[in-house]
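Take a walk through this structure, one site at a time. Keep the sequence and the 3D view side by side as you read.

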Amino acid sequence: MVATQRSAAAPTHGWPIWGHDAAVDGLRREIVDGRVRHAYLIAGPDGVGKTTLATLFAQALCCQDPDGAASGVPCGRCLACRKIARGVHPDVQTFGLASQATRAEKLGTKNTSLTIETIRELCATTALRPMEARWRVVLVEDAETLQGVAQEALLKTLEEPPAAVVLILLSDDAELLLPTIRSRCQLVELRPVGRGTVTASLVAAGVEPARADEIAALAGGAPGWARRAAADPKLSQARRDACERAVAWVAGSVYDRMVAAVRLGDTFSKRRAEVFADLDALLGVWRDALLLRADLPHYLTYRGFAERLSELARGWELDDLHRAVCAVRTCIADLEANVRPRLALEAMVLQWPTLLPERP
Ligand SMILES: [Zn+2]
């Protein structure tokens, strides 16, 4: 069974990435046809493969192997490909919360959004000619956290793009960027990868099939997360626990839901990453409830909770469930935009459909 899934899902385009065939084909064709753009926006959920795709694109743009350069398929062996994989190529830079963190620590400021200083540094980089490759490639991770003034500064670079520069923005939520930024980028949208493909990617990496399937069931279509979970069992356990909490939250009374929202809101500043992880699990759980109600069980994110959710979902209409999914998405966007946490979380739970009164 797994072998069939594997051959069906194995990448055929030559880039070592699972899923996202249309995105890879599009980017490859642009290189082959000499139509590379100045700016791209790769959008999709956390762990879905944005950084992997951007890194492979950078390799394809800079590959020194004649065949690789002509076909738009990075060879993975030349000096340029190897330097990019190790993050040490002088013409490929990455800016993001991680690279900003060291300086933020020194200044004692919070490192939750990309600042104007980081974008100024980025703009200075784009002014330089490439040293070794044909292109200078600049990756901007966590683009959804760009502050307003930082977005405006970036917009200037996008409006007058320097020659030989390719800017690649990566974002969990492209909607949080200014429309003027989005319209100047070629949008590459990455959707969650099918569970069979995630399983196959793990099996191909040497994970035992039953365990691969178990991890894929929790991965929510994110092969990157699945790979990390295969190396660190604590991640799977944490995701399972987050799903348990999410199901309990969904199944709670109006009062219990509000208490949970307040508690989470009050700890947001100290446990930001955990709160976002809980909300991601919650989004998956509500989406699964919607899919179960719509009789579409093949698309479930977290299969292990199907029975319980199915029972809950029976009491609600599709519209109710759709509103709940939207409310979680809004809450995540509000928290990323620094709305007061308690307010954002309370507003979310108030949008959820209530449970049917218990029978006496
Ligand atoms: Zn190469």
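The zinc ion has four protein donors: Cys63 (SG), Cys75 (SG), Cys78 (SG) and Cys81 (SG), at 2.3 to 2.4 Å. Donors here are N, O and S atoms within 2.8 Å of the metal (3.2 Å for Na, K and Ca); water is not among the atoms, so sites may look incomplete. Along the chain, the zinc donors are spaced C-x11-C-x2-C-x2-C. The arrangement is tetrahedral because the angles between the four donor atoms run from 103 to 118°. For four tetrahedral donors the ideal angle is 109.5 degrees.

This is a predicted model: local features need pLDDT of at least 70, side-chain atom pairs count only at pLDDT 80 or more, and totals for chains, interfaces and linings use all residues. Residues are numbered from 1 along each chain as its sequence is written, and side-chain values use heavy atoms, with hydrogens and water left out.

Cys78 and Cys81 are both buried. Buried means under 20% relative accessible area, exposed over 50%, and partly exposed in between (1.4 Å probe, protein chains only).

How many disulfides are there? The count is zero. A disulfide needs a pair of cysteine sulfur atoms within 2.5 Å. Take Cys62: its closest cysteine sulfur, in Cys81, is 8.4 Å away, so a bond is ruled out by distance. Cys62 is buried, at 5% relative accessible area. For Cys331, the closest cysteine sulfur belongs to Cys326 and lies 13 Å away, again too far for a bond. Cys331 is also buried, at 1%.

Next comes a charged residue. Glu144 sits in the loop between strand 3 (136-140) and helix 8 (148-159). Helices (H or I, at least four residues) and strands (E, at least two) are DSSP runs, numbered from the N terminus. Glu144 is buried but has no salt bridge. That term requires a side-chain nitrogen of Lys or Arg within 4 Å of a carboxyl oxygen of Asp or Glu. The nearest side chain of opposite charge is Lys50, 6.9 Å away. What does the side chain of Glu144 reach? It reaches the backbone nitrogen of Asp172, at 3.0 Å.

Finish with the backbone. Most residues other than glycine have a negative phi. His20 has a positive phi of about 60°. His20 lies in the loop between helix 1 (2-9) and helix 2 (21-32), and is buried at 11%. Asn338 has a positive phi too, about 65°. Asn338 belongs to the loop between helix 17 (318-336) and helix 18 (341-350), and is exposed at 54%.

Note on methods. Four donors count as tetrahedral if all angles lie between 85 and 135 degrees; four count as square planar and six as octahedral if opposite donors are over 155 degrees apart and all others between 65 and 115; anything else is irregular. Lys and Arg count as positive and Asp and Glu as negative; His and the chain ends are not counted. A polar contact is a pair of N or O atoms within 3.5 Å; within protein, one must be able to donate a hydrogen and the other to accept it, and residues adjacent in sequence count only if both atoms are side-chain atoms.
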